[in-house]
Amino acid sequence: MSAIFQNWQAWALASAVFAALTALFGKIGVSKLNSDLATFIRTVVILALVGAIVTARKEWIRPEGEGLPLRSVVFLVLSGIATGLSWLCYYRALQLGDASRVAPIDKLSVVLVVVLAALFLGEKITWQVGIGVALIATGAILVALPAKG
């Protein structure tokens with residue numbers, strides 16, 4: 001497989017690009033719809049897209065003799081619940097506010113992930129990470145502040 005497909009940074013950058021498009025398309029999408037219905041439509045599309053990818057890659061079949069690890073399933077269910085609640089809140093925020101101000105606040109999740117990963121996963125916070133997280137938090141707050149003038 002190509003080196004680019006094994007590079008986490010490339011995947012993370014692609015995620016950021018698609019997240020930006022999510023905010024723009026979502027803001028337009030919720031302009032004449034209830035935010036909960038908009039989230040439902042988005043979820044159905046995601047299910048269809050991911051289902052098609054898993055089918056095309058023949059990933060429905062697990063190797064013989066391997067069951068689904070209960071711990072993995074529990075945490076994926078919790079992740080799904082958190083994702084659904086995040087999306088519901090995000091689309092409601094987009095419906096009420098400017099996409100250019102909602103998205104940066106949503107990205108405070110980066111700050112929370114760093115803190116929670118340190119607390120619960122034992123990940124180290126280096127000085128570079130600390131400064132980066134402080135800059136992300138500061139930037140999100142500055143962008144979200146109401147414009148003066």
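**Pocket**

A pocket here is an open set of points on a 1 Å grid over the protein atoms alone where a 1.4 Å probe fits, with protein on both sides within 12 Å along at least five of seven lines, and lining residues have an atom within 4 Å of a point. This is a predicted model, in which local features need pLDDT of at least 70 and side-chain atom pairs pLDDT 80 or more, while totals for chains, interfaces and linings use all residues. Numbering runs from 1 along each chain as its sequence is written, and side-chain values use heavy atoms, without hydrogens and water.

I noted a volume of about 1700 Å³ for the largest pocket, taken as the space filled by probe spheres set on the grid points. By class, its lining holds 33 nonpolar, 7 polar (Gly is counted here) and 4 charged (Asp, Glu, Lys, Arg) residues. Of the helices (DSSP runs of H or I, at least four residues), α1 (8-29) gives the most to this lining, with 11 residues.

**Salt bridges**

I then searched the whole structure for salt bridges (a side-chain nitrogen of Lys or Arg within 4 Å of a carboxyl oxygen of Asp or Glu) and found 2. Arg57 pairs with Glu59, with closest N and O atoms 2.9 Å apart; Lys107 pairs with Asp106 at 3.0 Å. Arg57 is exposed at 53% relative accessible area (over 50%; buried is under 20%, partly exposed in between, 1.4 Å probe, protein chains only), whereas Lys107 is partly exposed at 35%.

How values were computed
Helix = DSSP H or I, 4+ residues; strand = E, 2+ residues; numbered from the N terminus.
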